[in-house]
Amino acid sequence: MVQIQLTLYTEDGKYRPMSTIVEVESIAYYNSHKKEVQDKAVRKISIQRKMDVWAMKKYGYTRIKARVYDKEKIEQENKERYEQIKKERGWK
């Protein structure tokens, strides 16, 4: 099973993005059933946020992006970014 993070954005960036994680069998499955997985993610976000799908469209949440959610890789990137910030600001 592969975890994919799907994020809803607004066209103009007026509102903050909303995201959720969906599990799929493989990347190939996601690519062949992209519309179904994205619809499932939008329904999941609407349940989490207690917001109807039509309301999300009304507020402009029409763009969706997907990425593979690898927790270890994300944690490593965050550590590296934090170390870079520490260097830039002169912290120890």
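Seven bridges join β1 to β2, and these two strands run antiparallel; strands here are DSSP E runs of at least two residues, helices are H or I runs of at least four, both numbered from the N terminus, and two strands pair if DSSP finds at least two bridges between them. The model is predicted, so that local features need pLDDT of at least 70 and side-chain atom pairs count only at pLDDT 80 or more, while totals for chains, interfaces and linings use all residues. Residues are numbered from 1 along each chain as its sequence is written, and side-chain values use heavy atoms, with hydrogens and water left out.

The open sheet has three strands in the order β2-β1-β3, with antiparallel pairing, and its edge strands, β2 and β3 (61-68), each pair on one side only. From one strand to the next, the twist averages 25 degrees.

Across β1, β2 and β3 lies α2, which runs at about 130 degrees to β2; contact means heavy atoms within 4.5 Å, and angles, from 0 to 180 degrees, are taken between the N-to-C directions of axes fitted to C-alpha atoms, for helices over the stretch in contact.

The largest nonpolar core consists of seven residues, I4, L6, V22, V24, Y30, V37 and A41; such a core is a set of buried Ala, Val, Leu, Ile, Met, Phe, Trp, Tyr and Cys residues joined through side-chain atoms within 4.5 Å, where buried means under 20% relative accessible area with a 1.4 Å probe, protein chains only. At least two residues of this core come from each of β1 (2-10), β2 (18-24) and α2 (34-48). Leaving aside residues up to four places away in sequence, Y30 touches I4, L6, V24, V37, Q38 and A66. A second, separate core of six residues includes V42, I45, M56 and Y61.

Conventions: Buried < 20%, exposed > 50% of the residue type's maximum accessible area, 1.4 Å probe, protein only.
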